[in-house]
Amino acid sequence: MATVHLRIGDLVWGKLGRYPPWPGKIVSPPKDLKKPRGKKCHFVKFFGTEDHAWIKVEQLKPYYVHKEEMIKINKGKRFQQAVDAVEDFLKKAKGKEQNSDGKGDSKGRKTSNKPLKILEEDDEDLSALKDTSEKSVKDDPHFHHFLLSQSEKPASSMEPISKRLKIIEEDTGSTSIQAADSTAINGSITPTDKRIGFLGLGLMGSGIVSNLLKMGHVVTVWNRTAEKCDLFIQEGARLGRTPAEVASTCDITFSCVSDPKAARDLVLGPSGVLQGIRPGKCYIEMSTVDPETITELSQVITSRGGRFLEAPVAGSQQLSNDGMLVILAAGDRTVYEDCSSCFQAMGKTSFFLGEAGNAARMMLILNMVQGSFMATIAEGLTLAQATGQSQQTFLDILCQGQMASTFVDQKCQNILQGNFKPDYYLKHIQKDLRLAISMGDMANHPTPMAAAANEVYKRAKALDQSDNDISAVYRAYIH
């Protein structure tokens, strides 16, 4: 983006990292927040989010001049909500100007020196941004032209927010914490001062711990295979000798292991978590397990005065490494809120789904759909080959249609290249399918598609594909 002359009060489009340009307003930074050295930048508060960041001037564009351009290239619900928030702000600003009692300078312009207000924890909506010192905005000829050309449709306001945590209440009763993408990218997430423990450094756990450390959290790690801890010790983590020791010395302990048995053993086994739980200690189960296991673990943790939250994650090893997981949480709401900086470090968003067990149910449903879909894609690729069609052409066509996605493209390309390095273990998706089918049985709900896919994955496991990626289900069709 070209460098432009901007000042406090200007509405802008701000570009941050790999994220699309987003509407915001240049505001005065908090007094205790210093400008990055050697960078010419402005402090921008983004509309429709609780995000704020220092943005380089070359990554900023005036809002009015580039509005139509940005709307054409950016789509999506959150983006439209942000644009609507700007519209609402401008309409309110216009209303204030029209309702003025005539006080102003000789040219009719308002000359208020009211200082800019920055959103604080108790601010409830966008009105916190409605200062009257926006001379730079009102003097801009594009501003008046833009006001005259606005549509008359009602505009939505920003969701209720807090400075520490952005929470969105939905009609479904669930709650989501959106990761502050701008602050995360700049490494300025304020880490909790609570001591964090993490048990299990597998495909998902390794990426999670790495991001917790990068964002400044104090983390103690433990893994059944102790050698896996070495890399994280070098990055600044502390070493826990047993799960019990980690739970007793940390305020919040996370666990991310392979299956229900491993999750139970970690808590109930020798030197297990339960032995280290004291009143007030928090335990977060991130493993994808069945609701019954979650209920059992919740009961034993709380029986010792501990606080329990389940928080399985949707994603892959790559998304874990990138800090872009989706966290599904349920259980103790206060633990969920205490973990806000952790969830922002490891994921792009998180949802609170109510009582313990709900996150496990939702996670199994999601993985059931993903596993069934992957098996169907593999079936399509092999059928194309069996009927003399080009598999690459099949993929090219697929990626131009309604089912186009990064998931489809990456998995199919890996299959065609014979690359089955695990991003999500095949044995784990088969486990999830099995648990989802069992959940359906208990609810007296049919799951024939999942049952069929489960049989294909079982065959792939019999072909020694357990420790390969889920895309290795392809091999069940060619052997």
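1. Contact here means heavy atoms within 4.5 Å. Leaving aside neighbours within four places in sequence, F254 is in contact with I196, G197, F198, L199, I284, M286, C339, C342, F343 and M346.

2. On the basis of the note: this is a predicted model, in which local features need pLDDT of at least 70 and side-chain atom pairs count only at pLDDT 80 or more, while totals for chains, interfaces and linings use all residues. Residues are numbered from 1 along each chain as its sequence is written, and side-chain values use heavy atoms, with hydrogens and water left out.

3. A nonpolar core is a set of buried Ala, Val, Leu, Ile, Met, Phe, Trp, Tyr and Cys residues joined through side-chain atoms within 4.5 Å; buried means under 20% relative accessible area (1.4 Å probe, protein chains only). The largest such core has 35 residues, and F254 is among those with the most contacts inside it, as are F198, L212, I284, M286, F343 and M346. Elements giving two or more residues to this core include α6 (203-214), β11 (252-255), β12 (282-285) and α14 (340-346). The most comes from α6, with 5 residues. Helices (H or I, at least four residues) and strands (E, at least two) are DSSP runs, numbered from the N terminus.

4. A second, separate core has 31 residues, L395, L433, I470 and A476 among them.

5. The disulfide count is 0, taking a disulfide as a pair of cysteine sulfur atoms within 2.5 Å. C282 is too far for a bond because its sulfur is 6.5 Å from the closest cysteine sulfur, in C339. For C339, the nearest cysteine sulfur is that of C342, 5.4 Å away. C282 counts as buried at 3% relative accessibility, and C339 is buried at 0%.

Definitions and conventions. Buried means under 20% relative accessible area, exposed over 50%, partly exposed in between (1.4 Å probe, protein chains only).
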